[in-house]
Amino acid sequence: MLPWSTHEETEEVRDMLEPVRGPELIGLLERSFAATSAVLKAVPPQRRDDPTPCEGWTVGQLGGHLVGGATYFGRSAAGMAPDLPTEEPRSLGDDTTAAFREAVEFNLAAFRRPGVLDADHGFVFGPTPGWVIASISLSEVLLHGWDLARALDLPYSPDDGAVDAVLRFQMQGSEDQLRAEGMFAPAEQAPPNATPLQELVAFTGRLP
């Protein structure tokens, strides 16, 4: 189990976990989109108004957020310098699966362009390396895939390499800042003999 218990231990772990920066990120993105897409396809229409672990968002809204996120990160990588959406996501209803597929295709095409991972692109934080944007996109789709699956008690099997890459990336930032800005709730305690996915969701403030 990774030690989240003290700030000093977290710093020590962070130093050991180098983030994934190379073209393997594209494969991890592709497999993570596929895993979350499988969950979206299994959402019963009558349960789109169910709550999710994302406070204030329904299953349908979380699906809309996934579509918007994949599109936003793809537009950033494509050099379109989009503004960050400020409104709550809307439920796309029966169109969610098709819209997500279209957003995923756009996202992957943008990140597959030669040199895009090493170049800086317009982003909400200002000019940002493509590999960072890709890592945020990977984090979003993997964690929100878990949120959807947990909300509806659906099976979810994200790629092990993607889980590891998200953990490595998230451990690079300032934990205090992440929590102060509301990106993550306070870390939860992972269960004994936790899987890497359980470790990750606990670190991001979710109950494994």
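This is a predicted model: local features need pLDDT of at least 70, side-chain atom pairs count only at pLDDT 80 or more; totals for chains, interfaces and linings use all residues.
Student: OK, how does the lining of the largest cavity divide by class?

Tutor: Let's go through the residues: Phe33, His65, Leu66, Gly69, Ala70, Phe73, Phe100, Ser137, Glu140 and Val141 line the largest cavity. Gly goes with the polar group under our scheme, and Glu counts as charged. By class, that lining comes to six nonpolar, three polar and one charged.

Student: And how much space lies in the largest cavity?

Tutor: The structure has one cavity of 30 Å³ or more. The space in the largest cavity is about 60 Å³.

Student: Which element gives the largest share of the lining?

Tutor: Two elements give two or more residues to the lining of the largest cavity, helix 5 and helix 3 (59–77). The largest share, five residues, comes from helix 3.

Student: How do helix 3 and helix 5 run relative to each other?

Tutor: Their axes lie 10 Å apart, and the packing angle is about 170°. Angles over 145 degrees count as roughly antiparallel. Helix 3 and helix 5 are therefore roughly antiparallel.

Student: How many charged residues are in the contact of helix 3 with helix 5?

Tutor: On the helix 3 side, the contact includes His65, Leu66 and Phe73, and on the helix 5 side it includes Ser137, Glu140, Val141 and Asp147. Glu and Asp are both in the charged class. Next to 10 nonpolar and four polar residues, the charged ones number two.

Student: What about helix 4 and helix 5: parallel or antiparallel?

Tutor: Helix 4 (residues 96–111) packs on helix 5 (residues 130–152) at about 155°, with the axes 11 Å apart. That angle makes the pair roughly antiparallel.

Student: Which residues of helix 4 make the contact with helix 5?

Tutor: The crossing of this pair is left-handed. From helix 5, the contact takes Gly130, Ile133, Ala134, Ser137 and Val141. From helix 4 come Phe100, Asn107 and Phe111.

Student: And helix 2 against helix 5: parallel or antiparallel?

Tutor: Helix 2 (residues 24–41) packs on helix 5 at about 25°, with 9 Å between the axes. Angles under 35 degrees count as roughly parallel. So helix 2 and helix 5 are roughly parallel.

Terms used. Residues are numbered from 1 along each chain as its sequence is written. Side-chain values use heavy atoms; hydrogens and water are left out. Axes are lines fitted to C-alpha atoms, for helices over the stretch in contact, and angles run from 0 to 180 degrees between N-to-C directions. Helices (H or I, at least four residues) and strands (E, at least two) are DSSP runs, numbered from the N terminus. Angles under 35 degrees count as roughly parallel, over 145 as roughly antiparallel, 65 to 115 as roughly perpendicular and the rest as oblique. A crossing is left-handed if the near helix is turned anticlockwise from the far one by less than a right angle, and right-handed if clockwise. Contact means heavy atoms within 4.5 Å. On a 1 Å grid over the protein atoms alone, a cavity is a set of points where a 1.4 Å probe fits but cannot get out, and a pocket is an open set with protein on both sides within 12 Å along at least five of seven lines; lining residues have an atom within 4 Å of a point. Grid points are joined across faces, edges and corners, and a volume is the space filled by probe spheres set on the points.
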